Amino acid sequence: MFRHKWLIASAITILAGIMFTVWTVAWVDRQMRVELLGQAELVSRAVHVERVRALRGDEADLESPDYLYLASQLGNVRAANDKYRYIYLMGRSEGGEILFLLDVQDDEVEDSPPSLPG
C-alpha cells in the first residue's frame, strides 16, 4: 500500500515538473519573440523602403548612394546596442530567391558584399 502511494506521488511530481517545464519554455519563447519583434520594428524605422527598392543585390550596390546611406543608418543602429553583432538587410530576387542586400557587422569582422542567389 505504501509503495503504491509513493509511486503515485512520484508520478504526480514528475508530471507536474514536466508540465511546469513545458509551460516555462513556452512562456520564455513568447517573451523572446515579443522582444525580437520589438527590436526588428525599431530597426525597421531606420530603413527607407525606397532606398531598399533601389538596391539590386550585386557588387554595383557598393557604390550606390542608397546602399551607403542604408549601411550608415544600420551601422548607427548596430553601434547603439551592443547586443547587435550583425544586422542584415535581405530581399528577394525577381525569381523569389532570398538574397543579402546589405550587412553591418562588428568592426572586427570583414564586410560581406551583396550577393545574388547562386
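**Aromatic pairs, core and arginines in a predicted model**

Tutor: A search of the whole structure, which is a predicted model, finds four aromatic pairs.

Student: Why is the pair of Trp-23 and Trp-27 called stacked?

Tutor: The ring centres of Trp-23 and Trp-27 are 6.5 Å apart and the planes stand at 20 degrees. Pairing requires centres within 6.5 Å, and planes under 30 degrees apart count as stacked. The pair is therefore stacked.

Student: What separates Trp-23 and Trp-27 in helix α1?

Tutor: About one helical turn separates them, because Trp-23 and Trp-27 are four residues apart in helix α1 (residues 2–44). Trp-23 and Trp-27 also belong to one aromatic cluster with Phe-20.

Student: How do you know whether Trp-27 is buried, partly exposed or exposed?

Tutor: The relative accessibility of Trp-27 is 40%. Buried means under 20% and exposed means over 50%, so Trp-27 counts as partly exposed.

Student: What makes Tyr-86 and Tyr-88 an aromatic pair, and of which kind?

Tutor: Their rings lie 5.8 Å centre to centre, with 15 degrees between the planes. The limits are 6.5 Å for pairing and 30 degrees for stacking, so Tyr-86 and Tyr-88 form a stacked pair. Tyr-86 has a relative accessible area of 34% and is partly exposed; Tyr-88, at 42%, is also counted as partly exposed.

Student: How do you know that the charged end of Arg-51 sits over the ring of Tyr-69?

Tutor: The charged end of Arg-51 is 3.9 Å from the centre of the Tyr-69 ring, and the distance limit is 6 Å. The definition also asks for a position within 35 degrees of the ring normal; Arg-51 is listed as sitting over the ring of Tyr-69.

Student: Why is Arg-78 called buried, and what does its side chain approach?

Tutor: Arg-78, in helix α3, has a relative accessible area of 14%. The value is under 20%, so Arg-78 is buried. A polar atom of its side chain lies 3.1 Å from the backbone oxygen of Tyr-84. Beyond four places away in sequence, Arg-78 touches Tyr-84, Arg-85, Tyr-86, Ile-87, Val-104, Gln-105 and Asp-106.

Student: What makes Arg-33 exposed, and with which side chain does it make a polar contact?

Tutor: Arg-33, found in helix α1, has a relative accessible area of 53%. This is over 50%, so Arg-33 is exposed. Its side chain makes a polar contact with the side chain of Asp-29 at 2.9 Å, where the limit is 3.5 Å.

Student: How much of the protein is buried, and what is its accessible surface?

Tutor: Buried residues make up 22% of the 118 residues. The accessible surface comes to about 9,200 Å², of which 61% belongs to carbon and sulfur atoms.

Note on methods: Residues are numbered from 1 along each chain as its sequence is written. This is a predicted model: local features need pLDDT of at least 70, side-chain atom pairs count only at pLDDT 80 or more; totals for chains, interfaces and linings use all residues. Side-chain values use heavy atoms; hydrogens and water are left out. Rings of Phe, Tyr and Trp (its six-membered ring) pair if their centres lie within 6.5 Å; planes under 30 degrees apart count as stacked, over 60 as edge-to-face and the rest as tilted. Helices (H or I, at least four residues) and strands (E, at least two) are DSSP runs, numbered from the N terminus. Buried means under 20% relative accessible area, exposed over 50%, partly exposed in between (1.4 Å probe, protein chains only). Accessible areas come from the Shrake-Rupley method with a 1.4 Å probe; for residues, only the protein chains shown count as cover. A polar contact is a pair of N or O atoms within 3.5 Å; within protein, one must be able to donate a hydrogen and the other to accept it, and residues adjacent in sequence count only if both atoms are side-chain atoms. Contact means heavy atoms within 4.5 Å.
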